[in-house]
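Have the sequence and the 3D view open as you read.

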Amino acid sequence: MGDRSVGSAPTGFRTVVITGGNSGLGFACAKAILEASHGAPWHVVLACRDEGRARSAVDQLIGSTNVVGQVDAMRLDLACLASVRAFAAELTKKLRTGTLPPLHAVVCNAGINPGTTKTITADGFDSTFGVNHLGHFLLVNELLPMLQFPGRVVVVASGVHDPAQKSGVPAPAWNDPAALARGELGAAAASDKSLASGLRRYSTSKLANVYFTYALARRLPAGVTANAFDPGLMPRTSLMREAPAPFRFIARRIPIQLFRRLFSPNVHTAQESGSALARLVTDPELSAVTGRYFEGLRQIRSSDESYNDERAEELWNASMALTADAGMSDLVPNHPR
């Protein structure tokens with residue numbers, strides 16, 4: 001799966017990478033960025049696991065946007081660290097040779113919600129933690145040398161990381177990061193059944209997203225920002241595909257407006273949340289805003305637990321070790337070489 005551009009990139013364009021951009025929130029974000037009028041035109045790279053769906057998304061975006069910006073796709077499987085490194089190496093080559101415009105933004109959007117299913121990644125990690133956190137952690141660190149000023153990293157988190165929001169999802173059960181990488185939650189999850197356990201692994205991975213964002217913001221140079229984003233509940237996106245059948249039925253049949261009245265005002269269509277996510281990439285008024293948490297268009301506080309800097313630093317250091325070539329097998333039992 002390669003890019004659709006030919007020869008050198010157009011002058012004045014900026015590249016943004018969006019993981020999981022072939023559907024749902026990521027696709028809507030890509031469309032909104034292509035249609036944005038702020039500053040220089042954008043060249044959107046959809047970083048996707050499924051090549052067929054990615055090509056279809058590229059065709060749909062090209063057909064539906066009447067702007068100068070371009071869009072193409074590259075293969076990225078966040079459940080495989082070798083794929084993350086290969087993607088970063090290929091993108092870096094295209095950036096250095098001028099095939100793609102300079103990189104100015106990375107949107108860490110892709111994620112999985114496991115439902116009752118517990119799986120592992122190609123590297124032996126629990127898939128929820130591995131895809132939602134570790135894959136993005138490695139991707140961002142691999143791309144940081146190519147991220148140009150003004151640069152932005154946006155990490156899609158979720159309000160389910162915050163028990164005070166009463167989302168109906170079990171609260172995070174934090175544990176030692178190496179244990180979380182094995183799918184072992186903290187003591188609060190001790191009596192969880194399979195569905196509750198899956199949902200709690202998801203909320204815990206979203207707390208990891210917030211910790212990662214804040215730790216990253218502390219490390220970035222001036223002119224490069226990192227912020228976390230809560231898109232709210234989007235009932236008709238593919239993130240619901242692993243939910244139990246009754247949940248999927250309700251999500252398909254109940255109008256969004258009724259969801260907002262019955263459940264929470266923080267319920268949106270993918271298009272609404274995609275536009276809000278795109279704003280964090282394109283809005284010049286946010287150029288100096290970093291280390292913050294946004295619920296849609298609003299900057300709000302994340303959970304009280306998410307401001308534990310010691311825990312965030314522990315997660316950063318453990319993630320560096322877990323994603324390193326050497327020593328991974330010592331941290332994750334039965335790691336396949």
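How many aromatic pairs does the count come to? Five, by a simple rule: rings of Phe, Tyr and Trp (its six-membered ring) pair if their centres lie within 6.5 Å, and that count comes to five aromatic pairs.

## Ground rules

This is a predicted model, so local features need pLDDT of at least 70 and side-chain atom pairs count only at pLDDT 80 or more, while totals for chains, interfaces and linings use all residues. Residues are numbered from 1 along each chain as its sequence is written, and side-chain values use heavy atoms, with hydrogens and water left out.

Helices (H or I, at least four residues) and strands (E, at least two) are DSSP runs, numbered from the N terminus. Buried means under 20% relative accessible area, exposed means over 50%, and partly exposed is in between (1.4 Å probe, protein chains only).

## Aromatic pairs

Planes under 30 degrees apart count as stacked, over 60 as edge-to-face, and the rest as tilted. F137 and W316 make an edge-to-face pair, at 4.9 Å centre to centre with 75° between the planes. This pair links distant parts of the chain: F137 sits in helix α4 and W316 in helix α10 (residues 309-322), 179 residues apart. F137 is buried at 1% relative accessible area, and W316 also counts as buried, at 9%.

Y214 and Y307 form a stacked pair, 5.4 Å centre to centre and 15° between the planes. Here Y214 comes from helix α6 and Y307 from the loop between β8 (298-300) and α10, 93 residues apart. Y214 is buried, with a relative accessible area of 6%, but Y307 counts as partly exposed at 33%. Ring pairs also link F137, F212 and W316 into a cluster.

## Nonpolar cores

A nonpolar core is a set of buried Ala, Val, Leu, Ile, Met, Phe, Trp, Tyr and Cys residues joined through side-chain atoms within 4.5 Å. The largest has 50 residues, and those with the most contacts inside it are F87, L91, L103, L143 and L216. Helix α4 (residues 127-143) gives this core its largest share, eight residues. Apart from it lies another core of 31 residues, among them W42, L61, L277 and V281.

What does L216 touch, leaving aside its neighbours within four places in sequence? L216 is in contact (heavy atoms within 4.5 Å) with V140, L144, V153, A226 and W316.

Helix α6 (residues 194-219) is mostly covered, with 21 of its 26 residues buried. The expected span is 1.5 Å times one less than the number of residues; for α6 that should be 38 Å, and its end C-alpha atoms are 37 Å apart, which agrees.

Five of the six residues of strand β1 (residues 14-19) are buried, so β1 is largely enclosed by the rest of the structure. Two strands pair if DSSP finds at least two bridges between them. Six bridges join β1 to the parallel strand β2 (residues 42-48), where T19 stands opposite A47.

F149 and P150 are joined by a cis peptide bond, with omega about -10°; P150 is found in strand β5 (residues 147-156). K166, in the loop between β5 and α5 (177-181), has a positive phi of about 50° although it is not a glycine. K166 is exposed, at 73% relative accessible area.

Searching the whole structure for disulfides (cysteine sulfur atoms within 2.5 Å) finds zero. C29 is buried at 0% relative accessible area, and C48 counts as buried at 1%.
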